[in-house]
Amino acid sequence: MSRRTQHTELQLATLGLGLSLLLAACGSPTKAPVAHTAPSQTAGPTASAALSAQAVGTSILNQDALLSGQAGKQWFKDNVPMLEVPDGNIQKVYYYRWSVLQRQLKYTRPSTGYIFTEFLNSVGYAGIYGGIAINIWHNNRDGRWMRNRQFLDDDTNHWARGLGQDRQYQYSNDLAAAAYDRYLVTGDRDFTVGLLQPLITHFNGWTPERREGADIRKTGYDAGAGMYYANPDTEATEFSIASLQTRDGYKGGWGYRPSINSFMYGDMRAIANIAGLAGQGNVASDYNNRANNLKANVQNKLWDPNNKFFYQVMRDNAVQEYGQHPNGGGRDASLPIIPEGTRADGRELTSYTPWMYNLPDDTADFSQAWRQIVDPQGFGTPTGPATAERRHRLFDNAHNGCCWWNGPSWPFATSQALMGMGNLLNNYKNNNAVSKNDYYSVLKKYTDLQFKDGHPYIAEAADSVNGNWIYDGKNHSEHYNHSSYVDLIISGLIGVRPRADNSVDVNPLIPDNWDFFALENVPYHGHLLTVLWDRSGSKYGRGQGLNVFVDGNRRGGRSDLGKLTVDVGSTQVAAYTRYVNLAANPFGDLDQPLNAYPKASASYTSPYDNAARAIDGQTLYDGDNLGPNSRWTNYGSPNNDDWLEVDFGAATTVNQVKLAFYDDTGTGSIRTPASYQVQYLDGSTWRDLGGQQRTPANPASNEVNVINFASVTTNRVRAVMTKAGGFASGVTEFEASLGSGSGNGGGKGTSLPLNQWKSFQVKTQNFTNRYLRHYLSQGFTEIVNAGSDATLKADATFRIVPALDGTPCYSFESRNFAGKYLRHQLGRLRIDANDGGDLMHKDATFCAQTGLADGSGVSFASRNFPNSYIRHRNGEVWLDNNDNSPGFKADASWDLANAWAP
């Protein structure tokens, strides 16, 4: 990714953890095995959001030993499958790369929730909140193994139907394929099927041509060629050996590239698969046919049968002066323009992308391309694959000045190649070019590259010969989130290969001399999966050889290394309550300008720090010179006690505060406070919040401290901190939320299954055959049964989505009018399109409570009229004030039924 514009930072915050895990190569201690349930959560949404209530894992590995020295340890325990392997560097980098994901996990606004960023400090060309679409593929492949579904649910919604849509086409991406590959792990059919139409819309948007200025073609579809084209810059691969041979070495070089066509092929297959899940056979057939045609064109036109590799084919060669810049630099007009349809003359590492989506036919001929990845004249270098073949005249292993892709080592391309290589070794029978030993060799070099000063680290790109980071700008490149690693370990090295049925394949690609490994409590289809390799059976005491456990029970094994297919049981996807941080202000915001509420202030702030950074949505524990500053401290304060305050700007109900204390013991003068108190403003008086329950009980350093308390409505909350031994105090993130169960309008709150289609059934006696439906946009109840026509069934089906107003409540989207939501207007329920306005968002937000009638079912209170509920009367559906009569309570109670139009 280039720094193509001056870095106009939006003051976006940084999230992070400590750098190193100083683990012995194979000495992480184990403990006696006991069963345990899904871990508890102390930060963010429910930790077991990916798991069913029946999910019970193993407790074989010592988490505290594996996470020794790691900041934000509880986040790892809540979200990350534990790994123990004989290779110390792989183990260290595995946990470090999880910490990179956590650093780059940014909470934005309640309406958007979480997104993943590429840079800790946003760059000028990024989208809102710092999102960059090129990273969708690896964020989903690595992030799909987190236990918390909300993180990627929010990020996917941001790109598919949220504020990220305006930058969907800035860089090539595989939004549909990423979503489907994630579904293979989570099993969340309803969420995935709910994305079908937005994914189709996104896919179709790649067809029109996009240009930069008058004569730089960015992307488009050429119906005559039957392929997509792009310039390397659009694929974040600037100054490639293709573009350098044109009149514009930076943004030139557009043509039919293997990479963008692979992304589009992957999206076609994914849309077909998701349409199949949705029962839309015609759509599935259409997109499979498109994929077949694109595959044929890629293989026939981009594959060179003599050189055994996929090459880019340039287009508009005269415009690009292709052929007149053979060595880069200035034009030699005496040279001929290369004819249209000619393949480029150099191999690029990104041309392994077809195998990311299993595009090439399973033939020995196609597999020959993989010989280049280890060939010292091809991509093979002492530090792993270079981005261009070393025999090419334009190869440069370490060009000075970002961002050159003609030979340096970019983790982005290396991880794409490793993903494709894993598919080749698992899915192709006729591969005779590379083996699992080659996979491990490339992975090992990639792993060893990710260090700096003896600690795990990743920047943008490295010298492909000596491994030194060359594109590594201060407050810019640290902990760079632009590549995959976690998935290469879980689905590649350990070999957990997800499937669409109720099984999982396990096919380790480990070296033959490894005597053990353990991957513990991987979320899969709502279960917890543990994979052990114990050659002797004495390391873990759970049996000799390869064994797979599902929810704590052994479900399969073999005495040697090899492929296993294990039945995991039916998918059990649990509903979760969406976490909403009411204190976040991420800046650079479309709906909330800079310095709008919430606001942070303090009794004293160090001149080196800023109170606003404590509510910027990211948690970064890294000290000075290890990453950007994302904290408030009172360094230099004369006070023994100082407060840090959040002003919501309006009366806000909260019942939880989270404080991530920053402590730089060993390098600086900030320490966790000796004690703290959380208060709220009552009129003009600050009062301690009542009934505080703290986890942990005492202030914990470089960790999220959770304080639950009785709900209060206030404009402002604060934390008052007492110095420890005279040292300053620090906070990297201050969050406030209204947890589930608070309800609205006096009832007891209840949770609904997000992103699922449901029908709302009347509970009133003698009317239970009636359901809420829309007709001519207005709300009615009507009898619906199996014999009802398709229109009525669709009218009576709604998708439960996060509240449009961003609060921890719900909105309901029409099944047959996408983008229209139930809302109240002049007392009547109706469906209207989301116009983005504040009134629409509030009118379309309802808080779920246990049914008013008898405690069963559910009642829906208006968010902006708290004592008014959705109720039926005379066959119509209204929003009425609760008069507490038995008749009203019955009419305002509903059963959440299976969708009539799923």
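This is a predicted model: local features need pLDDT of at least 70, side-chain atom pairs count only at pLDDT 80 or more; totals for chains, interfaces and linings use all residues.
How many aromatic pairs does the count come to? I got 47 aromatic pairs.

**Entry: ring pairs**

I started with Phe 239 and Tyr 250. Their ring centres are 5.1 Å apart and the planes make 15 degrees, so I logged the pair as stacked, given that planes under 30 degrees apart count that way. Where in the chain do Phe 239 and Tyr 250 sit? Both are in the loop between strand S8 (227-230) and strand S9 (255-256), eleven residues apart. I also looked up the burial of Phe 239: its relative accessible area is 18%, and the cut-off for buried is under 20%, so Phe 239 goes down as buried.

Next I took Trp 405 and Phe 412. Here the centres are 6.0 Å apart and the planes stand at 85 degrees, so this pair is edge-to-face.

**Entry: charges over rings**

Which ring does the charged end of Arg 290 sit over? The ring of Tyr 287, with 4.3 Å to its centre. I noted another case at Trp 757: Arg 815 lies over its face, 4.4 Å from the ring centre.

**Entry: a sheet and its helix**

I traced an open sheet of five strands, and the order reads S3-S19-S20-S21-S22 with antiparallel pairing. Which strands are at the edges? They are strand S3 (82-84) and strand S22 (553-558), each of which pairs on one side only. On average, neighbouring strands of this sheet are turned by 15 degrees against each other, direction ignored.

Inside the sheet I looked at S20 (residues 527-534) against S21 (residues 545-550): the two are antiparallel and share six bridges. For a landmark there, I wrote down Leu 529, whose bridge partner in S21 is Val 550.

What packs on the sheet? I found helix H3 (residues 88-103), which touches S3 and strand S19 (516-524). The direction of H3 makes about 165 degrees with that of S3.

**Entry: helix H15**

How many residues of helix H15 (residues 486-493) are buried? Eight of the eight, so I have H15 down as largely enclosed by the rest of the structure. The buried residues of H15 are Val 486, Asp 487, Leu 488, Ile 489, Ile 490, Ser 491, Gly 492 and Leu 493. After H15 comes Gly 495, and its phi is positive, near 90 degrees.

**Entry: the whole protein**

The protein has 18 helices and 43 strands. Along the principal axes, the C-alpha atoms fill a box of roughly 90 × 75 × 60 Å. What share of the 902 residues is buried? I have 63% for that. As for contacts with a separation of 6 or more, 68% are between residues 24 or more positions apart.

How values were computed. Residues are numbered from 1 along each chain as its sequence is written. Side-chain values use heavy atoms; hydrogens and water are left out. Rings of Phe, Tyr and Trp (its six-membered ring) pair if their centres lie within 6.5 Å; planes under 30 degrees apart count as stacked, over 60 as edge-to-face and the rest as tilted. Helices (H or I, at least four residues) and strands (E, at least two) are DSSP runs, numbered from the N terminus. Buried means under 20% relative accessible area, exposed over 50%, partly exposed in between (1.4 Å probe, protein chains only). A charge sits over a ring if NZ of Lys or CZ of Arg is within 6 Å of the ring centre and within 35 degrees of the ring normal. Two strands pair if DSSP finds at least two bridges between them. Axes are lines fitted to C-alpha atoms, for helices over the stretch in contact, and angles run from 0 to 180 degrees between N-to-C directions. Contact means heavy atoms within 4.5 Å.
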